Amino acid sequence: MTREVLVCGAGIAGSTLAFWLARNGFRPTVVERAAGQRSSGNPVDVRGGAMEVADAMGVVPRLREVATHAQRLRLLNASGRPVTTVRMAVSKEIEVPRADLADVLYEAARDDAEFLFGDTITALEQDEGGVDVTFEHAAPRRFDLVIGADGLHSTVRRLAFGPEREFVRHAGMYVGTVTLGEPSDYPQDIVMLNTPGRLVAVHPGRGNARVAFIFRGSEPGQDKEILSTAYRGLGWRVPELLARFEATDDVFFDAVAVVDPPKWSSGRVALVGDAASCVSLLGDGSSLAIVGAHTLAMALADGTHAEAFARYEEAHRARVKPKQRGVRTAASMLVPRTKRGLAVRNLAARLLPS
């Protein structure tokens with residue numbers, strides 16, 4: 001029986017997986033490169049199957065405590081004038097800041113798993129009986145299984161499967177986020193300004209607004225200067241918001257990408273969450289991470305690891321594939337490429353109840 005499991009990544013997928021592994025008799029260890037839980041990222045939705053998993057974990061009351069309360073979507077044109085305001089549908093999903101979601105899931109798992117913050121994996125050597133793991137700081141250890149839950153730029157995927165370029169497809173967009181450091185002017189509205197190929201959004205959060213820059217670009221990269229160049233010259237509050245982004249290091253910036261390796265496991269090593277099937281920004285990634293981690297843990301509770309990995313991948317790929325196919329459509333609605341596309345999107349928005 002495999003019992004000692006190393007999970008790389010203490011984010012949404014990693015903490016959820018650690019929780020359910022412990023509930024099924026495993027001894028999970030979670031290693032996280034960051035010194036603590038991160039603060040970056042947009043608000044995300046917990047919906048559908050993820051709500052069912054969260055309910056079974058007993059964390060829904062905590063999620064409601066940290067939930068955002070945006071009620072409307074306020075669209076602006078390039079000069080900052082209102083286009084329309086759309087009331088957001090009432091649903092059973094919960095929107096929370098991504099960092100708060102990760103915190104809540106970590107709190108649920110931390111008493112039953114070992115967490116190693118400020119460290120990462122540097123080498124993996126597996127054989128028929130287990131995996132020898134070398135860490136950057138901790139002493140080498142042997143585990144029965146290793147699971148990569150370490151996101152888009154997964155170290156586990158690189159070490160066990162190959163270089164990132166073989167599995168990550170740039171979606172032609174970038175996203176950058178930063179906290180505004182003050183409340184939004186519209187505490188119940190998500191304010192979105194679009195020009196062709198560019199979007200600026202101010203989300204009210206929970207009293208400390210968060211700014212998102214989402215724009216189209218063909219060259220993959222992580223240089224903040226790409227964002228600064230893309231937004232120079234825009235009006236409204238954009239110069240002020242851009243200055244905030246440029247002045248602080250506590251930001252998130254990356255290319256929007258789709259991760260789609262041909263297999264999610266290799267021997268005793270497997271991938272979950274964005275490391276396996278990222279649909280960053282446009283595909284319910286956080287909810288899929290929760291459901292995928294739960295599916296993997298339940299599969300491992302019954303049968304050999306090889307059988308479990310196969311069952312998990314078959315079940316979860318069926319959920320992920322439609323989201324990956326819908327990336328282009330979602331992008332065209334969020335950040336229309338042309339003036340015509342923007343006009344069509346805005347017309348459709350005007351026809352919705354205001």
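Which residue in β13 is the bridge partner of L76?

1. The partner is L193. This is a predicted model, in which local features need pLDDT of at least 70 and side-chain atom pairs count only at pLDDT 80 or more, while totals for chains, interfaces and linings use all residues. Residues are numbered from 1 along each chain as its sequence is written, and side-chain values use heavy atoms, with hydrogens and water left out.

2. Strands β4 (residues 72–76) and β13 (residues 189–195) run parallel and are joined by five bridges; strands here are DSSP E runs of at least two residues, and helices H or I runs of at least four, numbered from the N terminus, and two strands pair if DSSP finds at least two bridges between them.

3. Both strands belong to an open, mixed sheet of seven strands, ordered β5-β4-β13-β14-β15-β12-β16. Its edges are β5 (82–87) and β16 (252–259), each of which pairs on one side only.

4. Helix α6 (residues 224–231) lies across β12, β14, β15 and β16, at about 80° to β15, where angles run from 0 to 180 degrees between N-to-C directions of axes fitted to C-alpha atoms, for helices over the stretch in contact. Helix α7 (residues 238–247) packs on the sheet, touching β12, β14, β15 and β16, contact meaning heavy atoms within 4.5 Å.

5. H203, in strand β14, is buried, with a relative accessible area of 8% (buried is under 20%, exposed over 50%, partly exposed in between, with a 1.4 Å probe and protein chains only). Residues that H203 touches include P43, T68 and I190.

How values were computed. Lists of a residue's contacts leave out its neighbours within four places in sequence.
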